[in-house]
Amino acid sequence: MKLEEVKPGQEVMILSFSGKEDILEKIQAMGLRKGRRVALLQKLGRNLLLKVDNSRIVISKELAKNIEVQ
Amino acid sequence: MKSIRVALAGNPNVGKTSILNHLAGTSLKVGNWPGVTVEKREGKVNFWDYEINLVDLPGIYTLEPISDDEWVAYNYLRNEKPDLILNIIETPNMERDLLLTVELLEQELPMVLVLNMSDEAQKLGIDVKDKWLSEILGVRVLRTNGRTGEGVKALLPNIVEVFNLKEKPKPLKYSKELEDFLEKVRERENETKAELIRKLLDDERFKEYRENIRKIFGKDVHEVIKDERYAMAHGLYKEVVHRKLFTSRDITDSIDKVLLHPFLGVPLFLFIMFLVFKISFDFSSPFMDWIEGFINGFIAPFAAEVLTYLGAGELMKRVVSEALIGGVGFVLTFVPLIAVIYFMLSLLEFSGYLPRIAFLMDRFMHRLGLHGKSLVPLLLGFGCNVPAIVATRTLETKRDKLLVIAMIPFMSCPARLVVFSFFAVLFFKNPAIIIFSLYLLGILVALITALFLRKTAFKGGLYHFVMELPPYRLPTLRLLFRVVWVYVKDFLYRAGTLIFAASVVIWLLLNLPPGVKNPSESIAGYIGRTISPIFAPLGLDDWRMSTSLIPAFLAREIVLSSMATIYTAEASQETKEDFELLKALKEQVYALGNAFKEAFLNVFKPVPTAFEVKEEDSQSLRSIVAKSLSPASALAFMVFLLLYTSCLGTVATMWREVGKGFALLFFAYSLLIGWFLGFLAYRLGSLLWST
């Protein structure tokens, strides 16, 4: 499924990225990488609050559509 | 003395600024990187026989630049080649941070690795074998606590030793296949890995290699290099980090449950902002009163005594009392307000709450066509427009940036508040309501401006929201005071130079041609009278008002000091009191004690006390102004000063940021809208208070 569809409190693993935007490179450098486990802490407005390892990252739902998770 | 150039590099929020603060102490300077408005922080330390020059690079996640601040860091490393890189890692997020470390190692420059916040990591069960890490990379590894400054001083001898011994990191080894290709593009012995990779990625001559790589690896060369770097970072992490398996309740998660609550979050945000501004004004106002009293009740008579004793002429005495003490002294009374506002804003920033505001408020902001991140620069605008414009560097797209920059000057800063409170207290029964309405009017004009720009010049959609929320941390008072001092120093410098110069110029304008008895016969009076017809529709046909607007372009707060100069020069008959140095000094010390007491008590009062009406003696500027203006024209004056960009600093920053055209166009726009709404305010006020 897509990261966008994950429910708050759930933890998933990142499988793959689609799309060609530069910003996708940046979020990978921020720690959202293939094989990493991510917990969805909260959905607010058009954004998601994620926890990867010990950092908290906010990305928009629009971007989360490009991320396949399990 | 030899100098060493050290670049601090690391991901955002790893505590680089705190470490720089601890290292550089009071030598810290805030400036700009040339060509872009990315804040540049620099400091200097003398250690042993060396002058260590520290440069704080913008926080970046990777050396593949996208935004302005990332380009700054990338270009500095590539072109300026510092003598040493101080790579700062946030230990709790070590795996992520190691990607940048790997990319920095590709530069093959001497390096010292700093494991910051290792105390936090220990609490999370993360154990780093620093000796082993040092062994693998051939780099010295040190531990620090950026919050308290523990371990920071130990960096200095290590920096000098690495520099002296020319210690270089061990070369990175990627997979054999990739290394073979990198060797094939090598043309000189001393090319760094970073340079080889760049050639392999972009150079036209090596197109063939890129195709071969695609065949062998089954993916694009960019992908190959990215994956190799990630693998290297991951491998390092696995090798040196031991994670104990225990789940500790993270304090940040618990605080976020409340502060980022879907329903509670917004009221709490509003409450926090209310507290920030209430404390800023209530805590500082007794000190402002004290400074005013100190200058008028001690400095002024003391200076007069000294000048008389020295046998100074009447002219000299007038320059000192009217231009120096009257002009600069008046502006100095705002130091407490500026210091406390910066203290509160820095507290919000260093505690980690500031970026959360962006996340929390994005759902409202994006309806207005604005990025959640734009709220932070806009809020900073209430502190001072200049750093607020600089802060727009955190916005990714030019569209967001320009939109926000066009809104910031309408956010009312303390310099404006000073003018507002002077007039509002003087002319209106409920000054707080008037001041609050002016703030709202500023916000409204900002929104209308943004809406107008979105419908015309910037039609594009909203950019993605990507940001990191750092953990909550309690900053030390020492760190906060140092940051506040950097800004207060800047303000004092401006008061001492720009504002003093403006005061002298206006004093000269008022007293030239030589021998003028009445200011209305002076050059200033002439200029003021010439432009006063323009302001007549706003009810401001008094030449003294229009004259004081001229120097106010340097900075708004000057409007009061220049008014003080103009009005007191008119009514320069002052009562003379006997002055006794010791007695006066005693009184001032006693008053300062009272100011402290009052400041602390004010903070705990539920209602803001800053706007209370105070009775002043009839000789003061207040009463003279009160006699020469009507409430309606006072309102028009405030509206005009609120909206028109009457601040050289703001216009100059805008100019540097987005160019001459934008800055001048915006300046003209602000004049027009200020005049127009000032006119409306005067008409409305005249109707309301006509009786």
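The model is predicted.

I'll start with chain A. It has 2 helices and 5 strands. Going along the sequence, the order is β-α-β-β-β-α-β. The radius of gyration of chain A is 11 Å, close to the 11 Å that the globule rule gives for 70 residues, so chain A is as compact as a globular protein of that length. Its C-alpha atoms fill a box of roughly 30 × 25 × 20 Å along the principal axes.

How much of chain A is buried? Buried residues are 47% of its 70 residues. As for contacts with a separation of 6 or more, 54% of those in chain A are between residues 24 or more positions apart.

UniProt, in an unreviewed entry, lists residues 1-70 of chain A as "domain: Ferrous iron transporter FeoA-like". Over those residues the chain is 17% helix and 43% strand. The end C-alpha atoms of that stretch are 6 Å apart.

Now to chain B, and helix α29, residues 660-688. At 1.5 Å a residue, its 29 residues should span 42 Å, and the end C-alpha atoms are 41 Å apart, which agrees.

Which residues of α29(B) are buried? Among them are Phe666(B), Ser670(B), Gly674(B), Leu677(B), Gly678(B), Ala681(B) and Tyr682(B). Keep the spacing in mind here. An α-helix has 3.6 residues a turn, so residues three or four places apart point the same way.

And what do the buried residues of α29(B) pack against? The partners are three elements of chain B: α18 (398-407), α27 (631-643) and α28 (648-658).

Technical notes. Residues numbered from 1 in each chain as written. Chains lettered and ligands numbered in written order. Predicted model: local features only at pLDDT ≥ 70, side-chain atom pairs only at ≥ 80, totals over all residues. Helix = DSSP H or I, 4+ residues; strand = E, 2+ residues; numbered from the N terminus. Rg over C-alpha atoms; globule rule 2.2 N^0.38 Å. Buried ≥ 20, exposed ≤ 12 C-beta atoms within 10 Å, placed from the backbone. Contact = placed C-beta atoms within 7 Å. UniProt positions renumbered as here; feature names shortened; annotations may be inferred. Expected span 1.5 Å × (residues − 1).
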